[in-house]
Amino acid sequence: MQKKDCFYLGKVVRKHSFKGEVVIKLDTDEPDLYQNMDAVFLEAGNNFIPFFIEKSLLQKGNQLRVQFENFTTEEDADSIMKCGVYLPLTLLPKLTGNKFYYHEVIGFTIEDVNYGSVGSLVGVNDKTAQPLFIIENGDKEVLIPMIDDFIKKVDRANKKIVVETPEGLIEMYLDE
């Protein structure tokens with residue numbers, strides 16, 4: 001299993017008991033979807049190692065208490081502290097309408113209802129207060145805030161996202 005074939009589910013954040021149990025902080029809006037998993041992949045260096053789940057319990061909203069198979073001591077739990085937890089992309093719930101996963105829309109064309117074709121979506125910057133579409137237009141880069149009101153349509157069949165941005169936003173990047 002390679003990183004490109006997986007999505008980040010969360011991180012092992014602490015030990016729960018002296019019997020090898022750990023707590024995984026889930027990075028999801030729907031933690032309930034992940035409370036009955038059979039296995040996960042833990043990131044160890046450049047490797048993804050499968051860990052099989054003996055039992056799990058969802059606590060405090062997004063914290064999943066997990067007992068992995070053959071984990072019986074604090075030392076076992078210590079060995080995976082702070083490890084990233086991943087699942088195969090095939091297990092992501094399908095999104096419809098204007099909801100999408102960032103990885104799913106890379107390569108889509110961005111079109112503004114007033115400006116026309118803006119360019120190709122090459123990435124998403126989610127390190128800012130408001131996530132941004134990173135769009136390539138020739139040798140120029142256009143940044144559009146990912147605001148629900150701006151996103152008018154996600155057309156998966158034609159690999160296109162239609163947006164309506166405030167007047168002058170796109171021109172600020174593209175007009176000399």
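In this predicted model, cysteine 83 counts as buried, at a relative accessibility of 14%. Cysteine 6 is buried as well, with a relative accessible area of 9%.

**Cysteines**

- Since a disulfide requires a pair of cysteine sulfur atoms within 2.5 Å, the sulfur of cysteine 83, whose closest cysteine sulfur lies 14 Å away in cysteine 6, is too far off for a bond.

**Fold and dimensions**

- The protein is built with three helices and 12 strands.
- Its radius of gyration is 20 Å, whereas a compact globule of 176 residues would have one near 16 Å.
- Taken along the principal axes, the box that the C-alpha atoms of the protein fill is roughly 65 × 30 × 25 Å.
- Of the contacts in the protein between residues at least 6 apart in sequence, 54% join residues that are at least 24 apart.

**Burial, surface and charge**

- Of the 176 residues in the protein, 38% are buried.
- The protein exposes about 10500 Å², and 48% of this area is supplied by carbon and sulfur atoms.
- The protein carries 20 positive and 29 negative charges, and the mean positions of these two groups are 6 Å apart.

Methods:
Residues are numbered from 1 along each chain as its sequence is written. This is a predicted model: local features need pLDDT of at least 70, side-chain atom pairs count only at pLDDT 80 or more; totals for chains, interfaces and linings use all residues. Side-chain values use heavy atoms; hydrogens and water are left out. Helices (H or I, at least four residues) and strands (E, at least two) are DSSP runs, numbered from the N terminus. The radius of gyration is taken over C-alpha atoms; the globule rule is 2.2 Å times the number of residues to the power 0.38. Buried means under 20% relative accessible area, exposed over 50%, partly exposed in between (1.4 Å probe, protein chains only). Contact means heavy atoms within 4.5 Å. Accessible areas come from the Shrake-Rupley method with a 1.4 Å probe; for residues, only the protein chains shown count as cover. Lys and Arg count as positive and Asp and Glu as negative; His and the chain ends are not counted. The place of a charge is taken as NZ of Lys, CZ of Arg, CG of Asp or CD of Glu.
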